[in-house]
Amino acid sequence: MLHLLAAEEQDPLFPVWPEVLIGSITFAIIFFVFYKKLLPSINAALEKRHDEIVGGMERAQQAQDEAQQTLEEYREQLKDARHEAARLRQEAQEQGAALIAEMRAEGQRQREEIIATGHAQIEADRKQASLALRQDVGKLATELAGRLVGESLEDHARQSRVIDRFLDELEEKAEAAR
């Protein structure tokens, strides 16, 4: 019977109730210790790790957003700088064109002034030469006429009238011939 009792105790299908009870109490104690002591520290560590991961991702996203915003600001500043450079270039071209036009106008004015002065000088020289020529021709004509006639024609007023009339007739003939 001992043999039967030993065989009965070792049957794995029928557990021994005192062992089941002691195992259940031990399991409850270990579970309670894990639940009260170990589980909160594990949960805190997991929560901390989760926060670090999520916080790191949020910080990375925030840094990426800031970098994108800085890039957009940089692009906008670059665009503004290009517009400003184009505006300054346009202004410089306009000022250069205005300066060139002003210098051309000044050169044209000086040229016209020089030409007008030259024409006035030529006209004055022509009149002076014409007057000197009239006087010389008048003297020569008077002397020649005096030699032909044989007497001196010294009346100056009459000489001037005769000479002027003669030269005027010559000028009229020359202009008619043109």
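Predicted model: local features only at pLDDT ≥ 70, side-chain atom pairs only at ≥ 80, totals over all residues.
Trainee: What makes up the chain, in terms of helices and strands?
Mentor: There are 3 helices and 0 strands, and from the N terminus on they run α-α-α.

Trainee: Why is the pair Phe27 and Phe31 called stacked?
Mentor: Check centres, then planes. The centres are 6.2 Å apart, and pairing asks for within 6.5 Å. The planes sit at 20°, and under 30 degrees counts as stacked, so that's the label.

Trainee: And why does Phe31 with Tyr35 get called stacked?
Mentor: Go through it again: centres 6.1 Å apart against the 6.5 Å limit, planes at 15° against the 30 degrees limit, so this pair is stacked. By this rule the count comes to 2 aromatic pairs, and ring pairs link Phe27, Phe31 and Tyr35 into a cluster.

Trainee: Where do Phe27 and Phe31 lie?
Mentor: Both belong to helix α2, residues 17–149, and they are 4 residues apart, about one turn of the helix. Phe31 and Tyr35 are also 4 residues apart in helix α2, so about one helical turn separates them.

Trainee: Is Phe27 buried or exposed, and how do you know?
Mentor: Phe27 has 59% relative accessibility, and exposed means over 50%, so Phe27 counts as exposed. Tyr35 comes in at 44%, between the 20% and 50% cut-offs, so Tyr35 is partly exposed.

Trainee: What does UniProt list for residues 20–39?
Mentor: An unreviewed UniProt entry gives "transmembrane region" for residues 20–39. In the model that span is 100% helix and 0% strand, with its end C-alpha atoms 25 Å apart.

Trainee: What makes Glu52 and Arg49 a salt bridge?
Mentor: Their side chains meet at 3.7 Å, N to O, and the limit is within 4 Å, so they qualify. Glu52 and Arg49 are 3 residues apart in helix α2, about one helical turn.

Trainee: How do you know that Arg111 forms a salt bridge with Glu112?
Mentor: Their closest N and O atoms are 3.2 Å apart, which is within 4 Å, so the label holds. Arg111, at 42% relative accessible area, is partly exposed, and Glu112, at 39%, is partly exposed too. Elsewhere, salt bridges that share partners join Glu84, Arg87 and Glu91 into one network. A search of the whole structure finds 8 salt bridges.

Trainee: How much of the chain is buried?
Mentor: Buried residues are 4% of the 178 residues. The chain exposes about 16200 Å², with carbon and sulfur atoms supplying 61% of it.

Note on methods
Residues numbered from 1 in each chain as written. Heavy atoms only, no water. Phe/Tyr/Trp six-rings, centres within 6.5 Å; stacked < 30°, edge-to-face > 60°. Helix = DSSP H or I, 4+ residues; strand = E, 2+ residues; numbered from the N terminus. Buried < 20%, exposed > 50% of the residue type's maximum accessible area, 1.4 Å probe, protein only. Areas by Shrake-Rupley, 256 points an atom, 1.4 Å probe, with all protein chains shown as cover. UniProt positions renumbered as here; feature names shortened; annotations may be inferred.
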